[in-house]
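Work through the exercises below with the sequence and the model at hand. Each task is followed by a solution in steps.

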Amino acid sequence: DYYYIDNSAQNGVNTYYVIASNEEGKGRESQKVSAYVGKDTPASPTGIKATTTDKDITLTWDPVTKGTNGGYIDPNDVVYNVYEIIETGTGVSLPLVDQVSATTITIPYDTNDGDQEMINYALSAENSVDEGPRVMSPGIIVGKPYDLPFEEHFTGGRLDNSMWFIEEKGSEESTFNLMQGFSADGDGGCAGYVSASAKDAALLGSGKISLKGAANPTLVFST
């Protein structure tokens, strides 16, 4: 077997190929191979979790120990950026909330004020080489909880309460849809699940519902 040692490899992705030749001339290029050499940018944070209190949101995540390209990083050279995600009329802005060296951050936030909505934060890891790719946190529902009794009829194929969310557990084609003309209570609407595969599943979740003062809260639904 033949081999070649590159003692002048550059920091980053180095790509190589081989061309065989003889007195008749050169052959074709071999298949190209690449290798990352040197210090890498950090990979995206993983294991992100979110918890809330009335006055703040806490995010936690696992330490980043691998490079974006599978290269080396020094864990002591890594800091983490947390961004707020703000949707605008022309796209999304990502103002920096804070840069921290720990794998947790607590953000002041009145989580029970205003209309309910689902928010996310973006996180990235950064070192002396560069900032790694950003990744989104799990969705966090904020806003004033709904009071009991809580009812949702999907009247006429529309939402009676604005805060609902869907999580597909397989194909995006297998999901919940608002439907008109199908109803268990005569109001002309329902939320229906249509599956593209028997292996798929989806979750339909409501917003926050306050159980304050409820002795034996009961969930009732029609199918």
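**Exercise 1: a loop phenylalanine**

Phenylalanine 154 is found in the loop between β15 and β16. The model is a predicted one.

Task: Classify the ring pair of phenylalanine 154 and tryptophan 164 as stacked, tilted or edge-to-face.

Solution. 
- Step 1. The ring centres of phenylalanine 154 and tryptophan 164 are 5.5 Å apart, and rings pair if their centres lie within 6.5 Å.
- Step 2. Their planes stand at 50°, so the pair is tilted; stacked would need planes under 30 degrees apart, and edge-to-face over 60.
- Step 3. The pair links distant parts of the chain, with phenylalanine 154 in the loop between β15 (140–142) and β16 (164–168) and tryptophan 164 in strand β16, ten residues apart.
- Step 4. Phenylalanine 154 has a relative accessible area of 12% and is buried, the cut-off being under 20%.
- Step 5. One aromatic cluster takes in Tyr146, Phe150, Phe154 and Trp164.

**Exercise 2: backbone of the loop**

Task: Which peptide bond is cis, and which residue has a positive phi although it is not a glycine?

Solution. 
- Step 1. Most residues other than glycine have a negative phi, and most peptide bonds are trans.
- Step 2. The bond joining leucine 148 and proline 149 is cis, with omega about -5°.
- Step 3. Proline 149 lies in the loop between β15 and β16.
- Step 4. Phenylalanine 154, not a glycine, has a positive phi of about 55°, and this residue is found in the loop between β15 and β16.

**Exercise 3: a pair between strands**

Task: How are the rings of phenylalanine 176 and tyrosine 193 arranged?

Solution. 
- Step 1. The rings are 5.3 Å centre to centre with 45° between the planes, and the aromatic pair is tilted.
- Step 2. Phenylalanine 176 sits in strand β17 (residues 175–180) and tyrosine 193 in strand β18 (residues 189–194), 17 residues apart, and the pair links distant parts of the chain.
- Step 3. Tyrosine 193 has 33% relative accessibility and counts as partly exposed.

How values were computed:
Residues numbered from 1 in each chain as written. Predicted model: local features only at pLDDT ≥ 70, side-chain atom pairs only at ≥ 80, totals over all residues. Heavy atoms only, no water. Phe/Tyr/Trp six-rings, centres within 6.5 Å; stacked < 30°, edge-to-face > 60°. Helix = DSSP H or I, 4+ residues; strand = E, 2+ residues; numbered from the N terminus. Buried < 20%, exposed > 50% of the residue type's maximum accessible area, 1.4 Å probe, protein only.
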